[in-house]
Structures are given as C-alpha cells and as structure tokens.
Amino acid sequence: MAHRKLTSVLPSPQPHWVGDGFFVRPLFADLAFGQEVSPFLMLDYAAPHEFRPSAKPPGVGAHPHRGFETVTIVYDGEIEHRDSAGNSGTIGPGDVQWMTAGSGLLHEEFHSREQAKRGGKVSMAQLWVNLPAKDKSAAPHYQTILKDDIPVVDLGQATLRVVAGAYGETKGPARTFSPVHVWDIDAKAGADLELPIAAGDNVMIALFSGAVSVDGRSVTQAGLLTFGTAGETIALRVTADAKLLVLTGKPLNEPIAHYGPFVMNTEAEIRASIDDFRRGKMGNLEAFA
Ligand code: MN
C-alpha cells in the first residue's frame, strides 16, 4: 500500500497563556483556520505545567463561541466547564468534552475547585472542529466523554484511543457533524505504526512528546506533521516514547470567515455574530449561577 508523503513539520510555536489557567502552544501555527486543515480549525496543546495551590481556580472566564465545536482532551488534572445553555461538568485525565457551540453560547473554562486547591500538574489539548454551513445554527450541545467510554485499540507497542470516528471496526463515542477521526496514541520507542487513512481526508498528526521517524525524516521535537493527499496509509516509526494526536477528516470545501471566537462562512455572518454577542443573544451565565 502506498504511504502518504510527509509534506511539512511545523515546529511547536512559543506557548501563551489562555486566561491564567492554560499555557498553550497553537500547533497548527499558520495553517490554523485554513482550507488545508479543514474540517479542523486549530489545536492548542498545554504541556504538563505545575500550578501552585490556590483558592481561586485558574482559567478563563465567560466568553462566546459560534459556528464550530470545541473538543477538550484532559491529560493531567481536572477541568470544570459551565455554559449559557445550562451545561456544566468536570473532566479529568483521559476524559474528553465535545462541545457544539453551534448557534452560539457563552462558557467558562477553569481548573476544578479541587484541582486548584491541591495544585499540581495540568495538561490538556483543545481542538476546534468546524461545522458545515448547514449546521452552524445547530442548538448548543455538550457531550461528556469519559475515559471508560473511549475504546482502546492495542497496537502492540502502542495504544490508540478512538475518540471520534473509527479505527478499523472500532468506533469512537463522539457524535460529529462531518466525518472525522480523532485518535489519541501512546506509543513506545520501537513501535512501527501503519495508520489507515481514507481517500480525500486531510491528515494532521500532532506530536506532543517523544520522537518519530517518517519518510526517513526524524522529528524529535513537539510539533505538527502534515501529509500529502495520495496514499492509503501513514507509516511512522516511534524512536522515543511518544504521545500523538492523529486528526483526519473530509474537508468541508466551504468558505471560512474567522474572527476570534466566531467561525462562519462570510464576513457578514461574522459581523452579525459580533452584533448578536453584544446584544446578549448568545445567552448569559448568570442565569445558571
Ligand atoms: Mn472557550
């Protein structure tokens, strides 16, 4: 079977703070919000960071989103969420929150109260997945996907968690609006991975830690790998124990208009979103205090 060729290795950008709770690296770098990564929009990765105990949970206060989904994967620590659709919840290591912002909501994202009190390591990733134009006005929705609900595929020297889509016959729990696969991989040095990729899908692989060799090229620092469109598999050799997030999906092939927390198809829809937010049409959190 033909392997997809590695087309670029984007080095991990410098981290920045989101609120005071998440020290993230925007791994899609300049590709974020572009057609090449569709239907994904961006990926923030917060490597393990030690927090001091604090009575006030660190994080980011009320802010809006419209037109896409946010997917939060926790690796270390506990994160608590609350939104204007009345949803709230706490997720811990291995858990995933798949939030459909759709027509618009306000939410806040903090370390859980317990996490803040005891302090310690927090590590997470947040992926933004675009919605097809016809689904951008979907009602806000929230899927809590606990670690135990995520099937694990044993690949010998690696484990692959199917968060969304499928790996072979194994299906992931997330309900999605367009066909995507999200695989969370932990691999030992020496693992040879051969991942099946559907024709026409875009593929991005985030290397969170460890090292891999692809197409004879050695990637020893965290970053993002992108691949060409021809071929049915991706072949990776793991050269140092690695954590990887594999994202594949069918491109939406629709125009993308993006401004801050809003992702629509046209500039007029962006202006309407800013207006709706200012008029309070995306709800408020106080109603659920
Ligand atoms: Mn948010």
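Predicted model: local features only at pLDDT ≥ 70, side-chain atom pairs only at ≥ 80, totals over all residues.
I then turned to Asp135, which is buried at 13% relative accessible area. I noted that the side chains of Lys134 and Asp135 meet in a salt bridge of 2.9 Å from N to O, the term being used for a side-chain nitrogen of Lys or Arg within 4 Å of a carboxyl oxygen of Asp or Glu.

**Ground rules.** I number residues from 1 along each chain as its sequence is written, and side-chain values use heavy atoms, with hydrogens and water left out. I keep in mind that local features need pLDDT of at least 70 and that side-chain atom pairs count only at pLDDT 80 or more, while totals for chains, interfaces and linings use all residues.

**Arg161 and Asp184.** I found a salt bridge between Arg161 and Asp184, whose closest N and O atoms are 3.1 Å apart. The pair links distant parts of the chain, since Arg161 sits in strand β14 (residues 158-164) and Asp184 in strand β17 (residues 180-187), 23 residues apart.

**Arg82 and Glu108.** I looked up the salt bridge of Arg82 with Glu108, in which the closest N and O atoms are 2.8 Å apart. Arg82 belongs to strand β7 (residues 79-83) and Glu108 to strand β10 (residues 105-111), so the pair ties together parts that are 26 residues apart in sequence. Arg82 is partly exposed at 25% relative accessible area, whereas Glu108 counts as buried at 16%.

**The whole chain.** I searched the whole structure and noted nine salt bridges. For the secondary structure I wrote down two helices and 24 strands, which are DSSP runs numbered from the N terminus (helices H or I with at least four residues, strands E with at least two). I noted that 53% of the 289 residues count as buried. Of the contacts with a separation of 6 or more, 72% come from residues 24 or more positions apart, a contact being heavy atoms within 4.5 Å. Lastly, I noted that the C-alpha atoms fill a box of roughly 55 × 45 × 35 Å along the principal axes.

Note on methods: Buried < 20%, exposed > 50% of the residue type's maximum accessible area, 1.4 Å probe, protein only.
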